[in-house]
Amino acid sequence: MVSHRDNNTQRIAALDERAEALKLKRGMGIADARAMHPSIDVVEADPEADRRLLEGLADWCDRYTPLVAIDGEDGLFLDVTGCTHLFGGERAMQDEILSRFFEQGFDVRAGLASTPGAAWAAARFHGDRIIAGGEEEELLAPLPLSALRIAPEVRASLESVGLRTAGAVMAAPRAPLARRFGATLLLRLDQALGRLDEAVSPRLPVAPLSVERHLADPIVLTEEIERLVSRLALALKADLERRGEGARALALLLFRVDGAVSRIAVGTSRPMREPQLIRKLFHERLAALEQDIDAGYGFDLVRLSVLSVAAFDLAQGDLTGEAADDDADIALFADRIRARLGDAAVLKPVLVESHLPERAVATVPFSEAPQRRMPPSRPQRSSPPMTIFPPERPIRLFRSPEPIEVPATEMPEGPPMNFRWRRALYRVTRAEGPERIAAEWWRQQPGEDEAPTRDYYRIEDSEGRRYWLYRQGLYGASQVSPRWFMHGVFA
């Protein structure tokens, strides 16, 4: 038996058939149960572990349909519309599910009907029954009120007035029921009978495209998985070409014989549909997860799904048939690194609308960075365009400016003659500047003091090393003396 705490009392949360044969019931206190049968075995409930187990079973049920939803703490909803013929019909599919669960050590009950409510009642009150369309009322009529999935307080109120079965509720006038017990009662009844639609919300997004392969001989080796990925990707390519799209995110699902499921996902920085490129990405990902994937007795079902797509722009090729896209190899290299080491392994700098050096560039994941587009060719002009060269910037810019000590300057507004940085003294031999950068006043919060102006200098010391430093604030502009900072170094 499994126990849980309810109002400072340990009660029975679940029990097996042997415990039921001893006249024990769910909700009974553990003290009373031990008084009746001192030798019973009781374990404490672990809701988090039960939830993980239920989610694992839901993953395994993806082999039958992608529309799998979790029902409460101990149930699953499977929308098998259009899937039963793949397994030999409704009865064959249900028998296979029950037998596979039994082989894994689970005692399950299943019901199949045209409405979720009728299937729920058939599973919990009959155990193994298929309800044809139009037989929902016949199924529900003799069942207790709990078969309608209503709240316990509503069920108690109905029983207090003599309505103890679903058939009694169906025979009663609807208007008085709605006024006294609420609209939810009639909603649940109409959903179970098929008068109103009830949607089953899958726990995972449904992939727009998927291909899978059932294997008579389970596979174990990584090389076998990669070869199968190439074949599945080749099947996906035709569908992607027909839709004019490419994959931006893909998932590989490996269903193990004993029920465990491994889900492996990769992302692409550009739309992709070439099988060999897809295989390379999964090769890197499988290599990174080699220690975490346990093949056990092998995988008997492999599925490749496209999680997200984007328009696939065809590039114009030259006479040799090769497309002139210099960034394609870089994008593939970045995708392979990300597949092995994670999305944060490859970052790309992008420009930001700010004239402050530390804000002018931000690093974002490579897949999220805007793609560079080749500009269209333009006719030659008679006069060359005007070129503007921005001020020179250092290659290495510190994450945050580091303070330095400047003992003296040639003039109050001039560059330093020497400075101390990281406990070392540097003598200045050459200096260029200043380059004045004002604060971004439009970013200041109400009541916040205005940030001081910066004067940047390019400095060269006696050893030939070059630095980029600035003075924050102006002499005489405020009572606070200006401060000096090192912001970067030149190569």
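The structure is a predicted model, in which local features require a pLDDT of at least 70 and side-chain atom pairs count only at pLDDT 80 or more, whereas totals for chains, interfaces and linings use all residues. Residues are numbered from 1 along each chain as its sequence is written, and side-chain values use heavy atoms, with hydrogens and water left out.

The secondary structure of the protein chain comprises 13 helices and 19 strands, assigned as DSSP runs numbered from the N terminus (helices being H or I with at least four residues, strands being E with at least two). The chain is more spread out than a compact globule, because its radius of gyration is 35 Å, well over the 23 Å that the globule rule gives for 491 residues; the radius is taken over C-alpha atoms, and the rule is 2.2 Å times the number of residues to the power 0.38. Along the principal axes, the C-alpha atoms fill a box of roughly 100 × 65 × 50 Å. Of the 491 residues, 36% are buried, where buried denotes under 20% relative accessible area, exposed over 50%, and partly exposed the range in between (1.4 Å probe, protein chains only). The protein chain exposes about 29,900 Å², of which carbon and sulfur atoms supply 51%; these areas come from the Shrake-Rupley method with a 1.4 Å probe, and for residues only the protein chains shown count as cover. Among contacts with a separation of 6 or more, 54% are made by residues 24 or more positions apart, a contact being heavy atoms within 4.5 Å.

Charged side chains number 64 positive and 74 negative, and the centres of the two sets lie 3 Å apart. In this count Lys and Arg are positive and Asp and Glu negative, with His and the chain ends not counted, and each charge is placed at NZ of Lys, CZ of Arg, CG of Asp or CD of Glu. The structure holds 38 salt bridges, each defined as a side-chain nitrogen of Lys or Arg within 4 Å of a carboxyl oxygen of Asp or Glu. One of them joins Arg52 and Glu48 at 4.0 Å, N to O; both residues belong to helix H3 (residues 47-60) and are four residues apart, about one turn of the helix. An α-helix has 3.6 residues a turn, so residues three or four places apart point the same way. Glu48 is partly exposed, at 48% relative accessibility.

The side chains of Asp59 and Arg203 meet at 2.6 Å, N to O. Because Asp59 lies in helix H3 and Arg203 in the loop between helix H10 (183-193) and strand E8 (209-219), this pair ties together parts that are 144 residues apart in sequence. Asp59 is buried at 17% relative accessibility, while Arg203 is partly exposed at 28%. Asp62 and Arg263 form a salt bridge at 3.3 Å, N to O, and this pair links the loop between H3 and strand E4 (68-71), which holds Asp62, to strand E10 (residues 261-272), which holds Arg263, 201 residues apart. Here Asp62 is buried, with a relative accessible area of 6%, and Arg263 is partly exposed, with 40%. Asp59, Asp62, Arg203 and Arg263 are linked in a network of salt bridges.

Helix H10 has buried residues that include Leu185, Leu186, Leu189 and Leu193, and its buried residues pack against helix H5 (116-125), helix H6 (136-140), helix H7 (152-160), helix H8 (166-171) and helix H9 (174-181). The residue that follows H10 is Gly194, with a positive phi near 85°.

Other backbone features occur elsewhere in the chain. The peptide bond from Gly433 to Pro434 is cis, with omega near 5°, and Pro434 is placed in strand E16 (residues 424-437). Lys23, a residue other than glycine, has a positive phi near 70°; Lys23 lies in the loop between helix H1 (17-21) and helix H2 (30-36) and is exposed, at 65% relative accessibility. Arg423 likewise is not a glycine but has a positive phi of about 65°; Arg423 lies in the loop between strand E15 (418-421) and E16 and is exposed, at 84% relative accessibility.
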